Protein chains: 4
Amino acid sequence: MSGNTFGKLFTVTTAGESHGPALVAIVDGCPPGLELSLDDLQHDLNRRKPGTSRHTTQRQEPDEVEILSGVFEGRTTGCAIGLLIRNTDQKSKDYSAIKDLFRPSHADYTYHHKYGERDYRGGGRSSARETAMRVAAGAIAKKYLATQGIVIRGYMSQLGPIEIPFKSWDSVQDNAFFCPDPDKVPELEAYMDQLRRDQDSVGAKITVVAEGVKPGLGEPIFDRLDAELAHALMSINAVKGVEIGAGFACVAQRGTEHRDELTPEGFLSNNAGGILGGISSGQPIVAHLALKATSSITTPGRSIDVHGNPVDVITKGRHDPCVGIRATPIAEAMMAIVLMDHLLRNRGQNADVRVSTPVLGQL
Amino acid sequence: MSGNTFGKLFTVTTAGESHGPALVAIVDGCPPGLELSLDDLQHDLNRRKPGTSRHTTQRQEPDEVEILSGVFEGRTTGCAIGLLIRNTDQKSKDYSAIKDLFRPSHADYTYHHKYGERDYRGGGRSSARETAMRVAAGAIAKKYLATQGIVIRGYMSQLGPIEIPFKSWDSVQDNAFFCPDPDKVPELEAYMDQLRRDQDSVGAKITVVAEGVKPGLGEPIFDRLDAELAHALMSINAVKGVEIGAGFACVAQRGTEHRDELTPEGFLSNNAGGILGGISSGQPIVAHLALKATSSITTPGRSIDVHGNPVDVITKGRHDPCVGIRATPIAEAMMAIVLMDHLLRNRGQNADVRVSTPVLGQL
Amino acid sequence: MSGNTFGKLFTVTTAGESHGPALVAIVDGCPPGLELSLDDLQHDLNRRKPGTSRHTTQRQEPDEVEILSGVFEGRTTGCAIGLLIRNTDQKSKDYSAIKDLFRPSHADYTYHHKYGERDYRGGGRSSARETAMRVAAGAIAKKYLATQGIVIRGYMSQLGPIEIPFKSWDSVQDNAFFCPDPDKVPELEAYMDQLRRDQDSVGAKITVVAEGVKPGLGEPIFDRLDAELAHALMSINAVKGVEIGAGFACVAQRGTEHRDELTPEGFLSNNAGGILGGISSGQPIVAHLALKATSSITTPGRSIDVHGNPVDVITKGRHDPCVGIRATPIAEAMMAIVLMDHLLRNRGQNADVRVSTPVLGQL
Amino acid sequence: MSGNTFGKLFTVTTAGESHGPALVAIVDGCPPGLELSLDDLQHDLNRRKPGTSRHTTQRQEPDEVEILSGVFEGRTTGCAIGLLIRNTDQKSKDYSAIKDLFRPSHADYTYHHKYGERDYRGGGRSSARETAMRVAAGAIAKKYLATQGIVIRGYMSQLGPIEIPFKSWDSVQDNAFFCPDPDKVPELEAYMDQLRRDQDSVGAKITVVAEGVKPGLGEPIFDRLDAELAHALMSINAVKGVEIGAGFACVAQRGTEHRDELTPEGFLSNNAGGILGGISSGQPIVAHLALKATSSITTPGRSIDVHGNPVDVITKGRHDPCVGIRATPIAEAMMAIVLMDHLLRNRGQNADVRVSTPVLGQL
């Protein structure tokens, strides 16, 4: 399949550029009978949308989604669901200055060489604006998964140099950062304010957790659940690393330390991040992703133009100084899409399985 | 597609268990006219095969591959290539003791819940023995990529707590660890010897690099080159993390630091790991992967049996105390398979592209 | 992949119901640099659209398409192309009478059992209205194929009992039937007028031909070009049979009769329909398809309601008495989509092939 | 995916040439817990295998299959099933005479142009020998489908000019032709004997029927059950046409005649062939396929060699004078694979559906 489709039984196909007329998605494979309203989609779209705090881009997009098909009298019909979001606040002339040059660390250069021509306005198809549709599609998956007892939540676990230990889910939705510790928020705000004064940007780390997933999701060998999660999360703009459970910390762990022991009451730890042999174990599924600093900053950087001449690049337009701030709902959406697909696949292939062993939780 | 197939135009499908009669693969989509001999496959299979040093499992498998189809008079025909490796050194009775219990941190538990029944001998399908076929298939991709000027090489960049800075490619093939610094080898040997005395295992970090890749490989949005690399590398047994370029270090990097500036002579750095916007930039493609410590150790661990009763597990049989030691050829193979697939896809969809801008190397 | 996507490198994904707000499609994998305008799409949409003669449904749909993405300054960018057609002339209340019953020979019954609930208005997703998006997507494929010297054209070869021998392409576009013999048109018109008076419907046979296809398209074993054509054409509403070349006539042919002999000047016949071993031979590709009579007629028929009670069904609403009349552009579109996909796939996998043997035409 | 894989949740991937060392297949997605023995596979392989009567090729192949993986202690494990059949009776030197020329109506010409080089021995990959693996894979699907109450059977419905009306299933397995009327067999034998004396070949028509399929299999829009059946059946060597139900006869049928009326006791006819709107209706699924006369005959035919020179071709070697005679088990296998895939897909996506309406059979 070409690259704008994700999934096998539950598939999401998207199209749309940052400054084109609209974003569009087709979500295929959603079971029939699911109650689905615009509010279900809009809730997560609003969590991702720009312009809601001073720490994100000031582009004003209502990101209002229209359901074009697949829902009848408030319930899914089992048919493909078409989704549409009109772009409303393009300021394309901001970008004419960069039409013929390559912003460092940006897809300008690679799209130019791959396609020979490109829509340079706002990054075109390579813009993170595309992720709005992932969030809308993911909201459908989340809604269905909730009917199966699965809850997916994310939070920011590091902003630049500031590590953010998890405290509780309570405050995550109450601040602009998806920060799980309200006491940390002032420090994050101060850091961001200084960053803007420095005309710079910074990276972030996001953690996503799925609870309530039963054992058995994930298809060996290549479609392991962790492999598909890595695929989905690495496909988000600016992501440069993905970890499951202990992640890179496992390199220095010994077997006696890393292995999650089992007792009749449950697992004693979760270094595995809820996935063993590529298949969900029933523990919470935990993934971390690293997002790089955006390349769109106003501090000049060395680059070249399409003719090979050296230039100094300053990126104007409206940009996020830390794309990680809005990434939490996107990461949740991608995890939801992967779990949804594997839930349906597992159900299709293993419906006959009868296992009497009790499913363990985590102590 | 079901989970034992990887790729879209260049596809690899595998089957086979650790203690079954044989491993088998079908490699589809290899262009015709490629000179291909058994030696081409055997070379990498020998690099991965067990029993070649005291630091890996002592199971003796010659891993001799047979080409069943797709090659005629020494050249590929364009038709599907069938590959077969017979298992020869199974000692299945070693495993009867663990038939009804779950080794901690092992796929036993998840396969049991997913499938209801399982081939417990040597881990069955979840054994890393399966990766032999990835290496054989990857060798075909490597051979073709070499005709396009692309070279893929890997090395061990960390063993347990010992970081191994890259020194040169020269010594990588000369030691059991794929260590890029010959002066570090004694330290690694001593560490492994102690580890065996401790009846423990440990994790490792592997780095893989592809040089000679032209700009343009990778399909937005979901089939980004980095996303598919993450998928492929995370699908390797025991991998818990994948990084592209700077990876998780990018979280603390500012935009002025992370961005790789361009000059007419070339890129000035490679934090991107050779991929921008999901598309190869022409710089070397660099990926890192974290492998956990194997769970098969003789130090007892708490677990349960299939009836839910508590047990102490000691894993006998022959096992690698550090599965990362043999992982370098596997990681190379998976990177080769991904690049091969994207080379063909890019050629199919973008054959008409004419770009006059010179391709930059890295300074 | 779920069922609303077709193709592998060139993929078409659609959504939308007969009486929903809109039809939508995402066309992925179109090479960059193709000049593409609304007119290119509208031309074929107008050939398919309803209400242009008294022989088709009187529903008035302008079928005006909007391009949402993937085209910049009049040329494709290589990115996914979003397409939107608003429904404007729904008369949903016409359908309330059939809400709880099954029209004989209609998808009502099977959608009900598959999904448990359904959008009954105008047939919902099962309506041939869906084919508008196939035509729009196919127009993109046709435009690209034309740049490669490939022309795809179709005609009606039988209407009910009236066989229509091919005379010339000249008149096909000049009549409401896509009839290749202008002298036959009055007979067809008279037949249709009588049919409407009889409150009945009838089947038709369509023939599609692709000229200019070079040898080599089609992937053994399962993705043979003829197999994928059969898939694509059989997926059109109401189609019950597909033939390649001689089709069912080959059953009674002997080998000495069926085989298309070759001379240095060309093939002497084309029983193969341009495909040998699943791969294009360079001869014209010829396919025939049989469309059944629509089930939506006003002559009462026996059926049951959703509770299992017997009912007499009369289908009101606006319907085509012969769906085959508007099927020619749809069949052309599906053939174009298949050829486009295989052109890109063949280019990707077999770019290195050098064959000195001249390509033969047909005598 | 490349062309040697069929299916989405239940996938079959094959490799192997007529005169290479072996045929191989990987069957992925079979649910765990299915009892499966070599006998289950061998039964259908024996029905297809050559050399069992004077009316088929005299090549002697035992077609003994080996199960390499995916079955443990007599039951499937849910893991990929590897299958191997060694070729044992190749007589490759028979083919040296045709190495550099193209047999009319044969894949020689198209493989040559597609791949530049080819394994000419016995047709290489284009040989119908490849279908042995389809039969083995299909036998697995049949075995599983039988546990769901689905039975798939086929018969010859026409041999050359001789139409064979269906009489009963009883005699189908008792004669070399899969003829459903024992009284017709002498006529078929006499026809074949004369055909061999004429040094000619002839086409045939096969009918396949699936009984016990519940309503709901098939995914709109492009993965309709009939579309995928057409794909699967047209992918069999020599097939030039596929019909569902009434097939091409529907062209001349009026709506009042074609529509299958429903009563509370059942459907009154089955012109639909058990599929409405691309979804199974619960009636028997009926498909017909047309197989052309093989091109491998000893009556000379005009052709050219690879240099473009005219030649007279006589095909020696051992060939079937009517490939349709052995096609019945192959057609059954392909229908089984399609139904199996759709059974799993439907179960995955529509597990929640609760429909109280009774399922109708056919009167």
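In strand E11 of chain D, D:Val242 is the bridge partner of C:Val242. The two strands involved, E11 (residues 239-244) of chain C and E11 (residues 239-244) of chain D, pair in the antiparallel sense over 3 bridges. Strands are counted as paired if DSSP finds at least two bridges between them; strands (E, at least two residues) and helices (H or I, at least four) are DSSP runs numbered from the N terminus.

The model is predicted: local features need pLDDT of at least 70 and side-chain atom pairs count only at pLDDT 80 or more, while totals for chains, interfaces and linings use all residues. Residues are numbered from 1 along each chain as its sequence is written, and chains are lettered from A and ligands numbered from 1 in the order in which they are written.

## Chain interfaces

The contact between chains D and C takes 99 residues from chain D and 99 residues from chain C, two residues being in contact if their C-beta atoms, placed from the backbone, lie within 7 Å. Helix H2 (residues 108-115) of chain D gives the largest share of the chain D side, 7 residues. That side divides into 40 nonpolar, 39 polar and 20 charged residues. In this classification Ala, Val, Leu, Ile, Met, Phe, Trp, Tyr, Cys and Pro count as nonpolar, Asp, Glu, Lys and Arg as charged, and the others, Gly among them, as polar.

Between chains A and C, 39 residues of chain A are in contact with 39 residues of chain C. On the chain A side, the elements that give two or more residues are strand E2 (11-15), strand E3 (22-28), strand E7 (81-86) and helix H2 (108-115). The largest share, 4 residues, comes from E3(A). By class, the side of chain A that touches chain C has 14 nonpolar, 16 polar and 9 charged residues.

## Strands of chains C and D

Strand E7 (residues 81-86) of chain C has 5 of its 6 residues buried, so it is largely enclosed by the rest of the structure. A residue is buried if 20 or more other C-beta atoms lie within 10 Å of its own, exposed if 12 or fewer, and partly exposed in between, with C-beta atoms placed from the backbone. Strand E3 (residues 22-28) of chain C runs antiparallel to E7(C) and is joined to it by 6 bridges; here C:Ala22 has C:Arg86 as its bridge partner. Strand E4 (residues 65-67) of chain C is also antiparallel to E7(C), with 3 bridges, and C:Glu66 stands opposite C:Leu84.

In chain D, an open sheet of 5 strands has the order E1-E2-E3-E7-E4, with antiparallel pairing. Strand E1 (5-6) and strand E4 (65-67) of chain D stand at the edges with a single partner strand each, so one side of each is left without a neighbour in the sheet. Within this chain, 6 bridges join E3 (residues 22-28) to E7 (residues 81-86), and D:Ile26 stands opposite D:Gly82.

## Helix packing

Two packed helices are described by the angle between their axes and the distance between the axes. Helix H3 (residues 131-147) and helix H7 (residues 327-349) of chain C pack at an angle of about 50°, with their axes 7 Å apart. Axes are lines fitted to C-alpha atoms, for helices over the stretch in contact, and angles run from 0 to 180 degrees between N-to-C directions. H3(C) and H7(C) are therefore oblique to each other; angles under 35 degrees count as roughly parallel, over 145 as roughly antiparallel, 65 to 115 as roughly perpendicular and the rest as oblique. The contact of H3(C) with H7(C) has 14 nonpolar, 2 polar and 3 charged residues.

In chain A, the axes of helix H1 (residues 38-48) and helix H3 (residues 131-147) come within 8 Å and cross at roughly 135°, and the two helices are therefore oblique. By class, the contact of H1(A) with H3(A) has 6 nonpolar, 3 polar and 4 charged residues. Helix H5 (residues 225-234) of chain A has 10 of its 10 residues buried, so it is largely enclosed by the rest of the structure.

## The surroundings of C:Asn350

C:Asn350 lies in the segment after H7 of chain C and is buried, with 23 other C-beta atoms within 10 Å. Not counting residues up to four places away in sequence, C:Asn350 touches B:Pro31, B:Pro32, B:Gly78, C:Gly216, D:Lys114 and D:Tyr115. The C-alpha atoms of C:Asn350 and C:Gly216 are separated by 9.0 Å, and these residues are 134 residues apart along the chain.
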